Amino acid sequence: MSLLTQISSLRSLSIVGMAKNTGKTVCLNYVLEQLRQTDRVVAVTSIGLDGEKTDQVTQTEKPEIELTEGMYFVTSEYHYRQRQLLSEICQVSDEYTSLGRLVTARVLQKGKVILTGPASTARVRALIEQMDDLGVDLTIVDGALSRKSPASPAITEGLILTTGAAIAPDMASVVAKTKFVYKLTQLPVFESALHDELLFAEPGICAIEQDILYRLPIASPLLFTKCKDKLFSHGNTLFVSGIVTDNMLDYLRIQPNVKDVCLVVKDFTKIFVTPMSLAGFLQKGGRLMVLQRPNLLAICINPVSPMGYTMDSDALCRALQSEIEVPVYDVMKVE
């Protein structure tokens, strides 16, 4: 099944890089090129900054984002003025960002843009809804794993993850790190009548006992050690509205009741743990579950590192494919 076929029925898509220089923009341009051959109307935006010619950190040359007639894009006023294409403005937001208001525009003549879109999950979701009014069929959100909100299953219907030689200098490490993130995207879903209530819960920790939600006196999951004696006051199923770190998993792992503990988070973008911590918790019998699981469509690779070394593309694809149950592509080699 081709990548285009996989996204053909989607209304929204995230392309998320595990790190800088993993081929996210190349993947985006490839997807856009494929979509040009269809009759689908496409819009593009970004959480963060993408499309600049030179990487702001490594000072290496980057691929630019190329759009063609009929496509829509959302970017800041500052970067809209820097566009290298002809376009017409459709909407200007009332909300201000550090780079001005957000401008939604339609491309009249092909060219290049720099994207700096909404900075919050809620704003991205609202923007995708607004695209319906313009007749857009598919909204693509560009992101990075350091800004994982666009990868949230609550935001887009599909996810493409990019990885590559920029992750680590050896292939085994690239595969291991990518496999770990893949495993997080495949965590089991927690089924509950409280699903919607949990999804919009305020930050903190709750206990779930017999389909009753008990809010524990812990304002933030990062402060759980101050009230750890309260964690199991209402059973062994805990819901964390916020992020989960090694500290929490390491604490739960050494509890006598760890085999009965079920830790629930909103989605994989809330999990900031090391492979060792997660493995220790799971091996002791603990369970980690999510309210929503992303629809991971594919993993795309960039075998070239900005540090000057290149991995064998075919070998990297094979190594990843042997560990991961979604298609793995090098879009530079797809015919």
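Buried means under 20% relative accessible area. All views below show a predicted model.

**View 1. Lys24 in helix α2.** Lys24 belongs to helix α2, which spans residues 24-35. Its relative accessible area is 12%, so Lys24 counts as buried. Asp142 is 118 residues away from Lys24 in sequence, and the C-alpha atoms of the two residues are 7.9 Å apart in space.

**View 2. Packing of helices α7 and α8.** Two packed helices are described by the angle between their axes and the distance between the axes. Helix α7 covers residues 246-253 and helix α8 covers residues 275-283; their axes come within 9 Å and cross at roughly 25 degrees. Angles under 35 degrees count as roughly parallel, and α7 and α8 are therefore roughly parallel to each other. Their crossing is left-handed. On the α7 side the contact is made by Asp246, Leu249, Asp250, Leu252 and Arg253, which meet Ser277, Leu278, Gly280 and Phe281 of α8. By class, the residues of this contact are four nonpolar, two polar and three charged.

**View 3. The largest nonpolar core.** This core has 49 residues, and the members touching the most other members are Ile205, Leu231, Leu252, Leu263 and Phe281. Helix α5 (residues 171-185) supplies the largest share of the core, six residues. Another core, of 32 residues, lies apart from it and includes Leu10, Val42, Tyr80 and Tyr329.

**View 4. Surroundings of Leu263.** With residues up to four places away in sequence not counted, Leu263 touches Leu238, Val240, Val244, Met248, Leu249, Leu252, Phe281, Arg287, Leu288 and Met289. Among these partners, Leu249 and Leu252 also take part in the contact of α7 with α8, as does Phe281 on the α8 side. Leu263, Leu252 and Phe281 are among the core members that touch the most others.

**View 5. Packing of helices α5 and α9.** The axes of α5 and helix α9 (residues 313-321) are 10 Å apart, and the helices pack at an angle of about 40 degrees. The two helices are therefore oblique to each other. The crossing of α5 and α9 is right-handed. Met171, Val174, Val175 and Thr178 in α5 meet Ala315, Leu316, Ala319 and Leu320 in α9. Seven residues of this contact are nonpolar and one is polar, with no charged residues.

**View 6. Val174 in helix α5.** Val174 lies in α5 and is buried, with a relative accessible area of 0%. Beyond its neighbours within four places in sequence, Val174 contacts Thr163, Gly164, Ala165, Ile167, Ala168, Met311 and Leu316. One of these, Leu316, is in the α9 side of the helix contact. Tyr72 is 102 residues from Val174 in sequence and 34 Å from it in space, C-alpha to C-alpha.

**View 7. The loop between β9 and β10.** Most residues other than glycine have a negative phi. Gln210 has a positive phi, near 55 degrees, and lies in the loop between β9 (204-209) and β10 (212-215). The relative accessibility of Gln210 is 78%, so this residue counts as exposed. Asp211 is in the loop between β9 and β10 and has a positive phi, near 60 degrees. With a relative accessible area of 48%, Asp211 is partly exposed.

Terms used. Residues numbered from 1 in each chain as written. Predicted model: local features only at pLDDT ≥ 70, side-chain atom pairs only at ≥ 80, totals over all residues. Heavy atoms only, no water. Axes fitted to C-alpha atoms, helices over the stretch in contact; angles between N-to-C directions. Helix = DSSP H or I, 4+ residues; strand = E, 2+ residues; numbered from the N terminus. Parallel < 35°, antiparallel > 145°, perpendicular 65-115°, else oblique. Left-handed = near helix turned anticlockwise from the far one by under 90°. Contact = heavy atoms within 4.5 Å. Nonpolar A, V, L, I, M, F, W, Y, C, P; charged D, E, K, R; others polar. Core = buried A, V, L, I, M, F, W, Y, C linked by side-chain atoms within 4.5 Å. Buried < 20%, exposed > 50% of the residue type's maximum accessible area, 1.4 Å probe, protein only.
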